[in-house]
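Trainee: Before I rely on any label for this entry, could we go through the terms one at a time and set each value against its cut-off?

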Amino acid sequence: MFTGIVEELGTVGTIESSPESAVLRIEGPLVAADAAHGDSIAVNGVCLTVTSHDAGGFSVDVMAETLRRSSLGALRPGDPVNLERAMAASGRFGGHVVQGHVDGTATIVERVPGDRWEVVTFSLPGQLVRYVVEKGSITVDGVSLTVTAVDGATFSVSLIPTTLGATTLGHKGVGDPVNLEVDVLAKYVESLLRHGALSKEES
């Protein structure tokens, strides 16, 4: 489990592609410092398993399903990526519950600079609309953010200087893809209500 608080802005080193998968080498000395084989690290919000590591970074296998459902397939060597290690039981819960399971991808629609922040608007896939609410939580490329506005087709967030400087969201432009993970609590509530309604009908 993750919290959406990016620990390090890493870099894609090498990519070994095959028809059904890819092997990514990620340069990130901070998150690699205590990495072990089998550890989980979120790369742009996608939970991946460390297959090898050294002092400078780590490697991961990425399945075809992950490449299809996320923006990882669009990465190129040299691209920056957001990195977060799985949350330690003794750690601070700085963001919200993040699983590292991407629900869909979106693109940046607009960027509006402010005095000390920037409002960024993203497209919102139709199947995810019901999970996104104003003042609710959403994960964009692994970054825990608060939704400031939603109109059904798009949603917006306000990014402070720290987020702009320490994550990929400060580097991406209009049209660039991002990974989205909606609040898992919303999905559980929906499931409970649906099954509750079915139980009443059955009784």
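**Charged pairs**

Mentor: Asp103 and Lys187 form a salt bridge whose closest N and O atoms are 2.9 Å apart. The model is a predicted one, in which local features need pLDDT of at least 70 and side-chain atom pairs count only at pLDDT 80 or more, while totals for chains, interfaces and linings use all residues. Residues are numbered from 1 along each chain as its sequence is written, and side-chain values use heavy atoms, with hydrogens and water left out.

Trainee: What makes the contact of Asp103 with Lys187 a salt bridge?

Mentor: The term requires a side-chain nitrogen of Lys or Arg within 4 Å of a carboxyl oxygen of Asp or Glu; with its closest N and O atoms 2.9 Å apart, the pair of Asp103 and Lys187 meets that limit. The two residues come from distant parts of the chain, since Asp103 is in the loop between S6 and S7 and Lys187 is in helix H4 (residues 184-202), 84 residues apart. Helices (H or I, at least four residues) and strands (E, at least two) are DSSP runs, numbered from the N terminus.

Trainee: How many salt bridges does the rule give, and where do Asp54 and Arg25 lie?

Mentor: The count comes to 11 salt bridges. One of them joins the side chains of Asp54 and Arg25 at 3.0 Å, N to O; Asp54 is in the loop between strand S4 (46-53) and strand S5 (57-63), Arg25 is in strand S2 (residues 21-27), and 29 residues separate them.

Trainee: What separates Arg194 from Glu190 along helix H4?

Mentor: They are four residues apart in helix H4, which means a separation of about one helical turn, and their salt bridge has its closest N and O atoms 3.6 Å apart. Elsewhere, salt bridges that share partners join Glu7, Asp34 and Arg85 into one network.

Trainee: How do you know whether Glu84 has a salt bridge or none?

Mentor: Lys and Arg count as positive and Asp and Glu as negative, with His and the chain ends not counted. The nearest side chain of opposite charge to Glu84 is Arg85, 8.6 Å away, and Glu84 is buried with no salt bridge. Glu84, in strand S6 (residues 80-85), does reach the backbone nitrogen of Thr3 with its side chain at 2.9 Å, inside the limit for a polar contact (N or O atoms within 3.5 Å; within protein, one must be able to donate a hydrogen and the other to accept it, and residues adjacent in sequence count only if both atoms are side-chain atoms).

Trainee: Which residues touch the most other members of the largest nonpolar core?

Mentor: A nonpolar core is a set of buried Ala, Val, Leu, Ile, Met, Phe, Trp, Tyr and Cys residues joined through side-chain atoms within 4.5 Å. In the largest, which has 21 residues, Phe122, Ile138, Val140, Leu145, Phe155 and Leu180 touch the most other members. Several strands, including S7 (104-113) and S12 (177-182), each supply at least two of its residues, and a second, separate core of 17 residues includes Ile26, Val31, Val62 and Val81.

Trainee: Is Val43 buried or exposed, and what is Val43 in contact with?

Mentor: Val43, in strand S3 (residues 40-43), has a relative accessible area of 0% and is therefore buried. Leaving aside neighbours within four places in sequence, Val43 is in contact (heavy atoms within 4.5 Å) with residues that include Ile26, Leu48, Phe58 and Val81.

Trainee: Why is the protein chain called as compact as a globular protein of its length?

Mentor: The chain comes to four helices and 12 strands. Its radius of gyration is 17 Å, close to the 17 Å that the globule rule gives for 203 residues, so the description holds; the radius is taken over C-alpha atoms, and the rule is 2.2 Å times the number of residues to the power 0.38. Buried residues make up 40% of the 203, and among contacts between residues at least 6 apart in sequence, 69% join residues at least 24 apart.

Technical notes. Buried means under 20% relative accessible area, exposed over 50%, partly exposed in between (1.4 Å probe, protein chains only).
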